[in-house]
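Good morning, and thank you for making time for this item on the agenda. I would ask you to keep the model in view while I speak.

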Amino acid sequence: MTAVDTHAGPAVRRPQVDPGKLFIGGQWREGAQHCEVIDPSTGSVITTVVDATEDEVSDAVLAARTAFDNGQWARLPGRERGRVLNRVAELVRRRADDLVAVESLDVGKPVALCRPVDVMTTADQYEYYAALAQSMDGAVRDIPINAHAYTRREPLGVVGAITPFNFPLILSTTKIAPALAAGNAVVHKPAPDTPLSALLMAEILAEAGVPDGVVNVVTGGARAGEALVRDPRVDKIAFTGSTAIGKHTAQLAGAALKPVTLELGGNAAHVVFEDADLHKAIGAVIKAFVFNSGQFCMAGPRLLVAEPLYDTVLGILADAVSGVPIGDPFDGTTVIGPMAGERQLAKVLAYIEQARAEGGRVIAGGERLDLNGGFYLRPTVIAGLPAESRVIQEEIFGPVLTVQSFSDEDEAIALANGTPYGLAAGLQTENLARAHRVAARLRAGIVWVNDWAMLDPAVPFGGVKQSGFGREYGPEALASYTTTKSVVISLD
Ligand code: NAD
């Protein structure tokens, strides 16, 4: 078996989850309409949440606006806001068991991976931005008139944060932590399929001392999201989701001259050169396409292999992929859980059918796993598709890997850059000069060499081309939630 991180740990009990309410102005509020939340590992209903109406979103925006305009949060010294964010990190760690259980239940994430990946990195992000909250300083500018000129970095105001179904906890934190560090107020709308950790985080943020109205959570779907984007009292939209909805969001935000950051779809190439350490490379290749059942914007679903290695790699993959443990996310040894929903599973199965129709050879997986009524798909490897196939060009968003060969570095780079997306890319090589040379030519927001998905709150993340614009993580994200004001004082 090739090296795939498993993080195996103890089994966890499925939690009971109460029906969700809206969190507005520091109060839990019942809503007018509701929708069901489904357990993807069984297909049964977990609970219901509010499907927020336009009026309810408007109330949340008013609460955020009032907290920002009249409250203390934006005026606190950064160090004080940092203290609150450190308490959030502390509470996330203290309540890790609750967060792991809820996130795994909602998304179908294996508990053993959810703890280190989703929950602990959430705590890390709050800590990172707690420290950066203290660096919200400006600069003095030397100018040739008799005046004292300086800049102030100020929060933007009310931020609308809209997040997708696949990493609810992490992707809401990538927005809320820097937005709060900078002094903004937030209205968060999580994805309708996976809203539960957002409600738990509302509780944690309040307990940590985030003032009423500074973070509000409205659950719901497109109606609630669009109401947030359209509301003129919202100063910025931070959106993560599909390229199609991202474009629509950008159009609405553009019409209102509202800044927007867009973290959109991806379709990363993973290039294995003939000088790679094959054992390590295959481990990274498998991790890159099965992690989170492939529902991973930065997944590596397109494997490009140097011609001399092609047959060997296909042979190893066919064996190794079928050995990755798939099953109940609450079993501590599971590496691949179900897909997050029936809709996602159906979409991925349709791509596999399309690949077969185009003459693709399915060398592993290719079918649903019948288990407890859950939305499981066996990890699938497909060879023999042409580069222009829709299955290669489009974002599949499931545990599916296509494999192509290349003859030299130029062809590898052309194939890697040959889709509309540009979020992530990776390469496997032991040749240092090649690593730098190829990394520079790959059109992607982040490039990994000799491993996959190495992420840290300090390292900026985001896309080019159809994968969006703007950066999350790092000081770049903090800056995107601020505006610069210049103050010039006459000394005459
Ligand atoms: P989606 O675009 O369907 O939904 C994303 C969010 O937008 C949800 O909260 C949804 O309710 C909301 N929404 C839907 N219609 C809206 C509208 N008209 N106005 C405003 N909001 C609206 O995406 P999804 O299926 O939840 O997530 C999967 C997609 O997200 C994939 O394409 C994936 O690549 C992408 N993604 C990107 C990143 C990244 O960092 N670049 C990270 C994770 C996921």
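Predicted model: local features only at pLDDT ≥ 70, side-chain atom pairs only at ≥ 80, totals over all residues.

Let me begin with the domains. The domain assignment gives domain 1 as residues 22–264 + 466–488, and domain 2 as residues 269–456. Taken over C-alpha atoms, the centres of domain 1 and domain 2 are 31 Å apart. Domain 1 contributes 28 residues to the contact, and domain 2 contributes 32 residues.

How much area do domain 1 and domain 2 bury between them? The figure is about 2300 Å², and 62% of that area is on carbon and sulfur atoms. As background, the accessible area lost when the parts come together is often used to give the size of an interface.

I turn to the polar side of this contact. Between domain 1 and domain 2 there are 9 residue pairs in polar contact, with both residues at pLDDT 80 or more. On the side of domain 1 that touches domain 2, the elements giving two or more residues are helix H3 (96–107) and helix H4 (111–132). The residues on that side of domain 1 comprise 14 nonpolar, 9 polar and 5 charged.

The count of salt bridges between domain 1 and domain 2 is 1. Which residues form a salt bridge here, and how far apart are the closest N and O atoms? The partners are aspartate 193 and arginine 343, with 3.0 Å between their closest N and O atoms. Arginine 343 belongs to helix H11 (residues 342–357), and aspartate 193 to the loop between strand S8 (185–189) and helix H6 (196–208), so this pair ties together parts that are 150 residues apart in sequence. Is arginine 343 buried or exposed? Arginine 343 counts as exposed, because its relative accessibility is 56% and the threshold for exposed is over 50%. Aspartate 193, at 23%, counts as partly exposed.

Let me now widen the view to the whole structure, where a search finds 28 salt bridges. One of the salt bridges joins aspartate 59 to arginine 29, again with the closest N and O atoms 3.0 Å apart. This pair links distant parts of the chain: aspartate 59 is in helix H1 (residues 54–70) and arginine 29 is in strand S2 (residues 27–29), 30 residues apart. Aspartate 59 is partly exposed at 31% relative accessible area, and arginine 29 is partly exposed at 29%.

A further salt bridge is found within one helix. Glutamate 226 and arginine 230 meet at 2.9 Å, N to O. Both residues lie in helix H7 (residues 222–230), 4 residues apart, which is about one turn of the helix. Glutamate 226 has a relative accessible area of 26% and is partly exposed. There is also a network, in which salt bridges with shared partners join Asp275, Glu409, Arg434 and Arg437.

I come now to individual residues. Threonine 163 is located in the loop between strand S7 (158–162) and helix H5 (168–181). With a relative accessibility of 5%, threonine 163 counts as buried. Its side chain makes a polar contact of 2.8 Å with the side chain of histidine 188. Beyond its neighbours within four places in sequence, threonine 163 touches several residues, including Leu171, Lys175, Pro190 and Thr240.

Valine 290 is part of helix H9 (residues 278–290) and counts as buried at 2% relative accessibility. Apart from neighbours within four places in sequence, valine 290 is in contact with Ile336 and Pro379.

Lastly, I draw your attention to the backbone. Most residues other than glycine have a negative phi. Where is asparagine 292, which has a positive phi of about 55 degrees? Asparagine 292 is in the loop between H9 and strand S13 (302–306), and this residue is buried, with a relative accessible area of 7%. Asparagine 450 also has a positive phi, of about 65 degrees, although it is not a glycine. Asparagine 450 lies in the loop between strand S20 (446–449) and strand S21 (468–469), and is partly exposed at 23%.

That concludes my remarks, and I thank you for your attention.

Technical notes:
Residues numbered from 1 in each chain as written. Heavy atoms only, no water. Domains from an automatic or database assignment. Contact = heavy atoms within 4.5 Å. Buried area = accessible area lost by both parts, 1.4 Å probe. Salt bridge = Lys/Arg side-chain N within 4 Å of Asp/Glu carboxyl O. Polar contact = N/O pair within 3.5 Å; in protein donor to acceptor, adjacent residues only side chain to side chain. Nonpolar A, V, L, I, M, F, W, Y, C, P; charged D, E, K, R; others polar. Buried < 20%, exposed > 50% of the residue type's maximum accessible area, 1.4 Å probe, protein only.
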